[in-house]
Amino acid sequence: VALRDLGYSVHDFEEHLEYNLDNYLDFLEGKKDSNYLMEQYRDVDVVVDQPACTLWQTFFHHYPDCKVILMERKSAEVWYESYTKMLQYYIDNHAVWYENYIGWFSSTRSKFDLLNRHNMVRSAGSIHNFLDPSTWSRELWMAQYTQHNAAVKQLVLRDQLLVFQVGEGWNRLCEFLGKDVPDHPFPRENVGGQKGSIPDKLVEFNIFKRMQQEFFQKILLIGGISIVGSVLVARRWKLV
């Protein structure tokens, strides 16, 4: 939101899914190199959130003159608590009992689940489904976060990098980007575990609604075929 307020075109999680879900999977699954995926962002000013943030080095290779903003928490522990609160909020408020089966009946959800597995590997070093808190490894996840931040600080030139602490406000960000400081407070969104954060927005994404539509259409189709089949079998038995 802050970067949009400064006049930039931004692709966030929603845009990554809506416009480039297949392109990310083609790259992450080794079907294509990064050239086509990166070309889709030529007219986009800013990319944030997954999967772009954990593919930052790929973006940086294709756009070597870009500026990099590393959003850093006070500690890996603070990041872990925020991340898991967000995931737990989704589980508590939006996950349904058939969550793990939606992908069986929705091709879009199947792709989404596959991308999420890649996201978990790259952001948390975990191959597990985030819907199962028993698989959340505090130590492993924090190590992945620390390694990510260290790599950004080591590989990006100092004059191209802003290490930005959550809660800093406008001044350093605007100075780094050469922008005037807005006359309104710095936006505060996606507070982990609170109403109005990413999980609440996720279920309103067009692509998420498409998953639900595909799922229920397929269920109704299968249900209809089953009913017709049962009626035909019953009539056949009566004739016998």
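Where is Ser106 found?

## Ser106 and the basis of the model

Ser106 is found in the loop between α6 (102-105) and α7 (107-124), where helices are DSSP runs of H or I with at least four residues, numbered from the N terminus. This is a predicted model, in which local features need pLDDT of at least 70, side-chain atom pairs count only at pLDDT 80 or more, and totals for chains, interfaces and linings use all residues. Residues are numbered from 1 along each chain as its sequence is written, and side-chain values use heavy atoms, with hydrogens and water left out.

With 0% relative accessibility, Ser106 counts as buried (buried means under 20% relative accessible area, exposed over 50%, partly exposed in between, with a 1.4 Å probe and protein chains only). Neighbours within four places in sequence aside, Ser106 is in contact with Met211, Glu214 and Phe215, contact meaning heavy atoms within 4.5 Å.

## Aromatic pairs

Rings of Phe, Tyr and Trp (its six-membered ring) pair if their centres lie within 6.5 Å, and planes under 30 degrees apart count as stacked, over 60 as edge-to-face and the rest as tilted; by this rule the count comes to 18 aromatic pairs. The rings of Tyr83 and Trp141 have centres 5.6 Å apart and planes at 50 degrees, so this pair is tilted. Tyr83 lies in helix α5 (residues 76-93) and Trp141 in helix α8, so the pair ties together parts that are 58 residues apart in sequence.

Trp141 is buried, at a relative accessible area of 0%. The rings of Tyr98 and Phe215, with centres 5.0 Å apart and planes at 5 degrees, form a stacked pair.

Methods:
Helix = DSSP H or I, 4+ residues; strand = E, 2+ residues; numbered from the N terminus.
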